[in-house]
Amino acid sequence: MHVHAPLDHIAFSSAWRSRSPVDKLVLGGGLLLLASLLPALPWSIAISIIAATAALAGARIPLRAWLRFLAPQLAFLSAAVLPIVLGEGWPRAASVWIRGLAGASCMTLLAMTTPVPDLLLAARRAHVPGVLVEMAFLVYRLIASIWELFERLRLGLDLRLRGGKPSWHAATLSAGNLLTRSLQTARRLERGASLRGLDGFPLLAPRCEPSRLFLVASVALQLVLLAAAIMLRSRYPW
Amino acid sequence: MVNRAVLAARSLSYAYAPGQWAVRNVELTVAAGARIALLGANGAGKSTLLLLLSGAEHACHGDLFLHGEKAERTREGLRRWRQHAGLLLQDPEDQLLAPTVEQDVAFGPLQAGVEEAQARRLAEQALAKMAISHLATRPVHELSLGEKKRVALAGLLVQAPSVLLLDEPTAGLDPEGVRALRETLDTLAAAGAAIILATHDVDFAYEWASEVCVLFQGSILAQGEPARILADREMLTHACLEPPLLLEAALAMGGPPPLPRSRTQFRAWAQGAVRRIAP
């Protein structure tokens, strides 16, 4: 049974899977920084387009998946700007929304091309305290197991209900079952970790090295955006 | 094959609750290169015995010896024990810790202080030995059960333990997976590793093992050469097991010993038997 968290699966199977996390952090992080610094119009729109192009054309993320993961973020963003519409009016709300879209696009680009373990290994190399990174690795592994469990329980419930809608009672029972079995899963993983003599969490670094060409191109693109924003300052004031 | 005991259990007993014995007075001597199958119905105590032999659980009574040295319950003693005795759990999911296959297989050597380049090389070798090099960069949680088993086994092999303990290793594997597993186990045993596996699969045990132990309610009911032990239908019925098909067929045909231990041997043996009956 192949089950997996969809975002994780996309990150592991993206065309940029073998690209160094440093490359992706420089591109996504740099664009995110620009999105927060430059005027929303037109630069946040440009950044959103660049992030989407990188994801869809570069990392070959399916358009449907891209929209599926961006949509909830945009829904949340839309709800958040409602008070601004009422308080400061449409132009300000639109500006915040567009900037939010750019930020969400950059983060989605990073999340859909970089599996969590690669990010954690990058965090370790960036001297994030080891104990935090190790805990994050174990939590990640546990979440993967619980997700698999959840999918199995959902399938089991669906089969027993023969495709019908579960009642509240059935859903509550399933949730309780998931909780109990999650605890069992955690205990079994703990035993497995103990069997393997878990003492710290040493892991092989991914084989990929940062690409100089990719880094230069990313930084150049960001500098071009910054230069254009400076040159067009009179037309699009900061 | 060096016929020296690598692992020995003396009067080993374990209870999950007072009076509820999961393993009772087990005596076991395991020589280097031995291929031992623990057979028994559900709840017979096979998995618990493997946990005890791996050091994952501590016996209530009795002693364990590895290479003649008594097991110590200290952290250091346990660490040493686990370097020599590797356990494959029934559900491999429980012992896969790292995010990707290659990282998981290299986890053991890195934990033991091997430097990264060497750990990577060892992991590559273990993956090649299990014929799963193509899975190296895959996340472990996306693998099938059979693939997870092979990855977990590669994670054990990479540390070259002198005793391999396998809990239901053939469960969930397709015939090709069982054949590949058997080949790997044969290679390891030929290299001197002692292998103890717990299984319900009497056919696999008959074909593969050099010795079988039939467990019933935590105790060893019978122990010895497979053709002799597994021919005892009465004892097997008592232990809620069935005789292996090959052995049963050979006995029914009433041919002369040595009885066939594999399908290939059976074919030749049966042709000989038929020729004798109807020349």
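Visitor: In which sense do strand S1 and S4 of chain B pair, and over how many bridges?

Guide: Strand S1(B), residues 5-17, pairs with S4(B) in the antiparallel sense over five bridges. Pairing requires that DSSP find at least two bridges between two strands. Strands are DSSP runs of E with at least two residues, helices are runs of H or I with at least four, and both are numbered from the N terminus. Please note that this is a predicted model, in which local features need pLDDT of at least 70 and side-chain atom pairs count only at pLDDT 80 or more, while totals for chains, interfaces and linings use all residues. Residues are numbered from 1 along each chain as its sequence is written, and chains are lettered from A and ligands numbered from 1 in the order in which they are written.

Visitor: Which residue of S4(B) stands opposite Ser13(B)?

Guide: That residue is His61(B).

Visitor: What is the strand order of the open sheet in chain B, and which strands are at its edges?

Guide: The four strands follow the order S2-S1-S4-S5 in chain B, with antiparallel pairing. S2(B), residues 20-31, and S5(B), residues 69-70, are the edge strands, each pairing on one side only.

Visitor: Is His58(B) buried or exposed?

Guide: His58(B) counts as exposed because it has 12 C-beta neighbours inside 10 Å. The cut-offs are 20 or more other C-beta atoms within 10 Å for buried, 12 or fewer for exposed, and anything in between for partly exposed, with C-beta atoms placed from the backbone. His58(B) lies in the loop between helix H1 (46-54) and strand S4 (61-66) of chain B.

Visitor: Which phi value does Gln217(B) have?

Guide: Phi of Gln217(B) is near 50 degrees, which is positive in a residue other than glycine. Most residues other than glycine have a negative phi. Gln217(B) sits in the loop between strands S9 (211-216) and S10 (219-224) of chain B. It is partly exposed, because 15 other C-beta atoms lie within 10 Å.

Visitor: Turning to chain A, how many helices and strands does it have?

Guide: Chain A has nine helices and zero strands. Of its 238 residues, 29% are buried.

Visitor: Where is the cis peptide bond in chain A?

Guide: The bond from Leu41(A) to Pro42(A) is cis, with omega near 5 degrees. Pro42(A) belongs to helix H3(A), residues 40-58.

Visitor: And at what angle do H6(A) and H7(A) cross?

Guide: Helix H6(A), residues 116-125, and helix H7(A), residues 130-161, cross at roughly 170 degrees, their axes coming within 10 Å. Axes are lines fitted to C-alpha atoms, for helices over the stretch in contact, and angles run from 0 to 180 degrees between N-to-C directions. The two helices are therefore roughly antiparallel, a term for angles over 145 degrees.

Visitor: Which residues meet there?

Guide: Among them are Val116(A), Pro117(A) and Leu120(A) in H6(A), with Val133(A) and Phe137(A) in H7(A).

Visitor: How many residues of chain A are in contact with chain B?

Guide: 25 residues of chain A are in contact with 27 residues of chain B, contact meaning C-beta atoms, placed from the backbone, within 7 Å. The largest share of the side of chain A that touches chain B, seven residues, comes from H8(A).

How values were computed. Angles under 35 degrees count as roughly parallel, over 145 as roughly antiparallel, 65 to 115 as roughly perpendicular and the rest as oblique. Two residues are in contact if their C-beta atoms, placed from the backbone, lie within 7 Å.
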